[in-house]
Amino acid sequence: LCLPVLFNFHMFFLLSQQTEGSTGRPSEGISGDIVERSKASLDDTASTQPGGMNPRILPLIFLSVLFLRSMVPFKARKRFWGTLKYTICAPFFPVYFRDAFVADIFTSLVRPLQDIVYCLFYYCVSIWAMFSSSHSLDDVGIYLKNSWVLHNIALPACAILPLWFKFLQTLRQARDSGRHWPHTANSFKYLTAACVIFYAMAHPEGRRGRLWITSFVAAVLYQIWWDVVMDWELLVIVPRRGGGVASPPASLAPSCLQPIVCRVSKMCHYVACHRIALRPQRLYRRNAFYWRVLTYNVCFRFIWMLSFVPAYHFSSATGEEISTLSIDFKTYVGAVISVAELIRRCLWGILKLELETIQVSSVDEYGPLTDMDEKFGQTDPLHLMVSALQFESQALMLGTPGQDKRGRSSCSSLF
């Protein structure tokens with residue numbers, strides 16, 4: 001329901017912005033007669049609607065349906081909002097796999113979240129304009145475009161809060177587990193990303209020097225490494241087939257350089273005897289699938305960082321519009337960034353869920369991984385993951401001993 005509503009909202013808002021641009025804010029070279037004829041044409045269009053209805057009321061109808069469906073039926077929506085509550089209030093509740101997974105998805109939904117917040121502002125301002133004697137619906141677009149609260153507080157908050165929630169989750173996980181690794185290192189990933197994004201938000205495009213570019217590249221490389229090595233555990237180092245390689249010969253270097261030469265020789269010998277391969281425990285049969293996901297994640301990981309940077313904001317001192325990502329609203333790059341990041345996050349989630357399924361199914365109470373198809377009666381990877389999650393969720397719903405206040409089993413980390 002959300003997708004067609006947001007699509008219709010964008011279409012109507014785009015058309016209204018074009019109309020307002022030709023009526024409310026005439027550009028240079030446009031005579032007053034053309035503006036007057038455009039206003040008359042707009043009035044004629046509104047008068048042709050049933051009862052003289054303004055076309056800008058249609059997005060309000062769409063948004064009203066969307067807001068109503070987000071609360072009704074209440075019982076079905078209660079579980080949804082309850083899940084978000086545990087994700088948002090991370091420092092006050094234990095963090096389980098579901099909460100961490102939802103928080104990771106939140107960090108990739110910055111652009112849709114900003115669209116929803118923009119819709120909320122549009123909805124509230126339009127309702128206020130309908131009952132105001134000094135403003136009309138035709139002024140809503142210009143008001144939102146120049147709104148300091150929207151572009152300096154609301155939209156940047158949508159970009160920073162998902163990172164903040166995930167950062168607090170990692171700190172809570174480190175506290176509950178009593179181990180700094182890997183949770184503290186994971187929190188450092190979000191901290192560095194937030195610092196780079198904060199700087200991009202506060203400085204215009206022309207004032208970002210080589211230090212910011214270097215920090216951006218370093219943060220992206222760290223995120224790629226974390227995805228592959230920690231979140232997926234996808235790559236391992238295995239010995240090469242066909243026997244070993246002869247040991248390195250004795251070095252003829254001077255005695256003062258012997259330790260360095262020996263260490264380099266051992267390193268070269270290790271590289272020659274080993275290779276990088278996929279982890280042996282996998283649910284998907286084709287290796288090409290994993291390499292394709294890895295390639296896509298490496299090529300488009302930087303999009304995750306760009307999706308947090310807004311197109312522009314207003315200076316708090318002069319009120320001047322400051323461009324922070326001009327290519328976003330001048331072209332279709334903004335839509336491409338959103339779609340590419342959602343695809344990347346979906347692929348990331350598939351491998352993350354696969355690893356969690358392997359870890360859950362490999363413990364002693366479920367049997368070894370080779371017996372999973374016999375345990376769950378499935379051989380397809382998708383059905384296997386669903387069956388493992390259903391098996392785990394049923395165990396949590398039975399009310400086994402050792403549950404916490406949220407009704408979850410303390411011996412499980414999945415839900």
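The structure is a predicted model, in which local features need pLDDT of at least 70 and side-chain atom pairs count only at pLDDT 80 or more, while totals for chains, interfaces and linings use all residues. Residues are numbered from 1 along each chain as its sequence is written, and side-chain values use heavy atoms, with hydrogens and water left out. The protein chain has 17 helices and four strands; helices (H or I, at least four residues) and strands (E, at least two) are DSSP runs numbered from the N terminus.

**Confidence**

- The mean pLDDT of the protein chain is 74, and 67% of its residues reach 70 or more; pLDDT is the predictor's confidence in each residue, on a scale from 0 to 100.
- Helix α12 (residues 287–300) has the highest confidence, at a mean of 93, whereas helix α2 (residues 32–48) has the lowest, at 43.
- Residues 364–378 stay under 50 in pLDDT, and the model gives them 27 contacts beyond four places in sequence; a contact means heavy atoms within 4.5 Å.
- Residues 407–415 are also below 50 in pLDDT, and this stretch has 35 contacts in the model beyond near neighbours in sequence.

**Overall fold**

- Of the 415 residues of the protein chain, 38% count as buried; the classes are buried (under 20% relative accessible area), exposed (over 50%) and partly exposed (in between), with a 1.4 Å probe and protein chains only.
- The chain exposes about 24100 Å², of which carbon and sulfur atoms supply 66%; accessible areas come from the Shrake-Rupley method with a 1.4 Å probe, and for residues only the protein chains shown count as cover.
- Among contacts between residues at least 6 apart in sequence, 70% join residues at least 24 apart.

- Helix α10 (residues 210–231) has 22 residues and should span 32 Å at 1.5 Å a residue, which agrees with the 30 Å between its end C-alpha atoms; the expected span is 1.5 Å times one less than the number of residues.
- The buried residues of α10 are W212, F216, A219, V220, Q223, I224, W226, D227, V228 and D231.
- An α-helix has 3.6 residues a turn, so residues three or four places apart point the same way.
- Cover for the buried residues of α10 includes α9 (183–202), β1 (235–239), α12, α13 (302–306) and α15 (333–361).
- E233 lies in the loop between α10 and β1, and its phi is near 50 degrees, a positive value in a residue other than glycine.
- With a relative accessible area of 37%, E233 is partly exposed.

**Salt bridges**

- The whole structure contains nine salt bridges, each defined as a side-chain nitrogen of Lys or Arg within 4 Å of a carboxyl oxygen of Asp or Glu.
- R344 and D227 form a salt bridge, with their closest N and O atoms 3.9 Å apart. This pair links distant parts of the chain, since R344 is in helix α15 and D227 in helix α10, 117 residues apart. Both R344 and D227 are buried.
- D231 and K352 form another salt bridge, the closest N and O atoms being 3.9 Å apart. This pair too links distant parts of the chain, with D231 in helix α10 and K352 in helix α15, 121 residues apart.
- D231 is buried at a relative accessible area of 10%, and K352 is buried at 17%.
- R98 and D99 meet through their side chains in a salt bridge (3.6 Å, N to O). R98 counts as partly exposed at 22% relative accessibility, while D99 counts as buried at 0%.

**Surface patch and cis peptide bonds**

- L68, M71, V72, F80 and W81 form a nonpolar surface patch with about 510 Å² of accessible area together. Patch residues have over 30% relative accessible area and no salt bridge; like charges are joined within 9 Å and nonpolar side chains (Val, Leu, Ile, Met, Phe, Trp, Tyr) within 5 Å.
- W81 is located in helix α4 (residues 74–88) and counts as partly exposed, at 38% relative accessibility.
- V72, one of the patch residues, is joined to P73 by a cis peptide bond with omega about 0 degrees. P73 is in the loop between α3 (57–69) and α4.
- A cis peptide bond also joins W181 and P182, with omega about 5 degrees, and P182 is in the loop between α8 (148–177) and α9.
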